[in-house]
Amino acid sequence: MALLCRPTGLLLKHINLTPTFISIAGGQYQYILVDKKGEKKNVGFIQLNRPKALNALCDGLMMEVGKALDAFEADSEVGAVVVTGSEKAFAAGADIKEMQNRTFQECYGGNFLAHWNRVSTVKKPVIAAVNGFALGGGCELAMMCDIIYAGEKAQFGQPEILLGTIPGSGGTQRLTRAVGKSLAMEMVLTGDRISAQEAKQSAFELNLAEGNRLEKRLFHATFATEDRKEGMTAFVEKRKAAFQDN
């Protein structure tokens, strides 16, 4: 993953994007807008489209992203794919309301969030065009892409600790590669955000495979704790969490 701190408008202008959208391969999408762009229609385009939820990543949205990526992967005319959100938010995180009441057994037994990794397995280059918030799952989604174009107002963060849990889709692993161990630990342990410029100034490489498997299981394990349940419930109820360290 490479991060380029430059106006996302340059990227979008270069591939001649317009505000019209179509469904591809007969697909119907509820949470994303999908099109083929560029003069030769050879750039796949996916826009996250849950504006009222700041593009929070619900399971349905990520299933649709996977479906669109599968279609672009099979389309010989498409050479690369762009994933973007809105000016205000690329994706402000995972949908906490959706996972609030999940149990450890459900998460571990069902390998919760495993299908989110589809973005990182696409053989064609996937580019994240990030404006505004890229937090939690949104930050992880951006880091799954091969290249990140970040606008000046882009903000990256892994605030899961504020909800009594940890990143669950590669955040503890890819973030270290992107910004280095020290800054990654600071972000994961405090929930603090960084700008695109700060992220660009720190580049580091690390092997992912084993760390990703460990992270997923540790993430699932947080669903066995009362603090994880309290943290997510407090978020949904818009109040301060009362953590008990258990």
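This is a predicted model: local features need pLDDT of at least 70, side-chain atom pairs count only at pLDDT 80 or more; totals for chains, interfaces and linings use all residues.

Me: How many helices and strands?
Reply: The protein chain has 11 helices and 10 strands. Both are DSSP runs numbered from the N terminus: helices are H or I with at least four residues, strands are E with at least two.

Me: What share of the chain is buried?
Reply: Buried residues are 50% of the 246 in the protein chain. Buried means under 20% relative accessible area, with exposed over 50% and partly exposed in between (1.4 Å probe, protein chains only).

Me: Which way does β2 pair with β3?
Reply: Antiparallel, over 6 bridges, with β3 spanning residues 43-48. Two strands count as paired if DSSP finds at least two bridges between them. Ile32 has Leu48 in β3 as its bridge partner.

Me: What's in the turn?
Reply: The β2-β3 hairpin has 5 residues between its strands, and Gly38 in the turn has a positive phi of about 95°.

Me: Switching topic. What's the strand order in the open sheet of 4 strands?
Reply: The order is β5-β7-β9-β10, with mixed pairing. Its edge strands are β5 (89-91) and β10 (193-195), each pairing on one side only.

Me: How do β7 and β9 run?
Reply: β7 (residues 133-135) and β9 (residues 155-157) run parallel and are joined by 3 bridges. Leu135 has Gly157 in β9 as its bridge partner.

Me: Now cavities. How many does a search of the whole structure find?
Reply: The search finds 2 cavities of 30 Å³ or more. A cavity is a set of points on a 1 Å grid over the protein atoms alone where a 1.4 Å probe fits but cannot get out, and lining residues have an atom within 4 Å of a point. Points are joined across faces, edges and corners, and a volume is the space filled by probe spheres set on them.

Me: Which residues line the second largest cavity?
Reply: Leu57, Asp59, Asp95, Glu98, Met99, Phe112, Leu113 and Trp116.

Technical notes:
Residues are numbered from 1 along each chain as its sequence is written. Side-chain values use heavy atoms; hydrogens and water are left out. On a 1 Å grid over the protein atoms alone, a cavity is a set of points where a 1.4 Å probe fits but cannot get out, and a pocket is an open set with protein on both sides within 12 Å along at least five of seven lines; lining residues have an atom within 4 Å of a point.
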